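Morning, everyone. I have one model to walk through, and I'll keep it brisk. Take a look first.

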Amino acid sequence: MKKFLILAALSALLLSCSSNRDQILKVYNWSDYIDESVLPEFEAWYKAQTGEDIKVVYQTFDVNETMLSKIEKGHEDYDLVCPSDYIIERMLNDGLLLPLDFAAIPDSINYIEANRSPYIRQVFREINPNIDANDYSVAYMWGTTGIIYNTEKVTAEEAGTWDIIRNPKFAGQILIKDAPRDVYGPVLIYLKQKELQEGSVTLQELMHDSSDESIAAVENYLKQVKDGVLGWEADFGKDQMTKGRGVVSLNWSGDAVWAIEEAAEVGVSLDYVVPEEGSTVWFDGWVIPKYAKNLKAATYFIDFMCRPDIAIRNMDGTGYVSANGAFEVLESQIDEEWDPIDLSYFFGPEASAVQVNPVLYPARDVIDRCALEHDWGKDTDKLLAMWSRVKGDNASSLTYVIIVLALLAIVAAILFSNRSRKRRRRKSHRK
Ligand code: SPD
């Protein structure tokens, strides 16, 4: 990975000195979210399609907000970025996205339209009721937020509720995704169980709930959780779980697939569940920001990512699930070890009983208890402030301890040096 990033940085430098911007495609994606061998392949494919040279300059981020700030504040000229649903919504609301022009791609190679899942098309329509997000974004990967757990230490029943993240039995072994929206949603759903069951609120309404009252309730809950937290992680949680250091991880289904497979190789048994109270379902999609400079190559790149064989390689390389609805993608995941599930909502009527890993493709009943996160606009700042209060308290108590110890050390050093000075003076008087 490091070698790849250094090469990418060097090629960026060389190209910026010598090349025409039309021959550069700047892609900014999540880390560990692509099979990197598809990038040079895209360059060759683009040349074959257009007769033109292209060099992909590929950079990565760990959290949506880092990416957003580079575009919002830095106006960086990325040609393609891959935000999550609620960030796509925000970018749409703020006029930061360019519409996708599929007509720029010859019909003969249009993999986007040919392979769009009906479910994904529908969910993308829900992102913003006034603007169809399908015109601005093409979904790349998708999944749920849930709990990865070590089956030797945690029962399925214990993992089946969000209450697990404050279960004292697992204190010091709990990993939480350092992603405020992805933690806030599930915790609020957990706290509002009574209202959800009574029908006085819906899951969808909760995803828009940025009230002071709800933020305070989630903050209060997370403060009960934090003493048991082994780490707030952007990307190391899956690894800690495979090494057996963590036993519970609030995480994304794609990281779960990766962790379960890696752990099995070293004899650690992990599983993943979407707790019974409900959760979030998320989508990351390719978008072209308004500061992009190479729309043509960006559009071709999205199309290439939708080619079924490329989608399958990206799935296999990352553990995440492609949003591609092609039957070839489904076929590549069929394995007799799994019980049949109904995935007709995603792949169409032929997929009513298919043997695939349910962590990859959740059954309809799981999806029905999940909702899509939504942009909060300016209220996002309230969430981020709450998040740093929750996480920051740990740091500040530790900081206080360090400061007190440092002060004690300084006082002791002063006392010691005064005493030695006096002793030296007394000695010299005696002489
Ligand atoms: N390592 C790549 C992780 C990408 C996961 N995206 C999930 C976003 C949920 N809002």
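Which residues in α8 meet which residues in α11? From α8, they are V183, Y184, V187, L188, Y190 and L191. From α11, they are S214, I215, A217, V218, Y221 and L222. Contact here means heavy atoms within 4.5 Å.

Now the ground rules. This is a predicted model, where local features need pLDDT of at least 70, side-chain atom pairs count only at pLDDT 80 or more, and totals for chains, interfaces and linings use all residues. Residues are numbered from 1 along each chain as its sequence is written, and side-chain values use heavy atoms, with hydrogens and water left out.

Back to that helix pair. Helix α8 covers residues 180-191 and helix α11 covers residues 212-225. Helices are DSSP runs of H or I with at least four residues, strands are runs of E with at least two, and both are numbered from the N terminus. The axes of α8 and α11 are 10 Å apart, at an angle of about 95 degrees. Axes are lines fitted to C-alpha atoms, for helices over the stretch in contact, and angles run from 0 to 180 degrees between N-to-C directions. The two helices, α8 and α11, are therefore roughly perpendicular to each other, a label for 65 to 115 degrees.

Next, the strands. β1 is residues 24-30, β2 is residues 55-61, and they run parallel with 7 bridges between them. Two strands pair if DSSP finds at least two bridges between them. N29 has T60 in β2 as its bridge partner. From β1, the chain passes through helix α2, residues 38-50, to reach β2, and this β-α-β crossover is right-handed. Right-handed means that, with the strands pointing away from the viewer, the path from the first strand over the helix to the second runs clockwise.

Two backbone spots to check. D32 sits in the loop between β1 and α2. Its phi is near 50 degrees, positive in a residue other than glycine. H75 is in the loop between α3 and β3. Phi of H75 is also near 50 degrees, again positive and not in a glycine.

Are they buried or exposed? D32 is partly exposed, at 37% relative accessible area. H75 is partly exposed, at 42%. Buried is under 20%, exposed over 50%, partly exposed in between, with a 1.4 Å probe and protein chains only.

Last stop: N314, in helix α15, residues 308-318. N314 is buried, with a relative accessible area of 1%. Not counting residues up to four places away in sequence, N314 touches I34, D35, V38, Y140, M141 and M305.

Conventions: Parallel < 35°, antiparallel > 145°, perpendicular 65-115°, else oblique.
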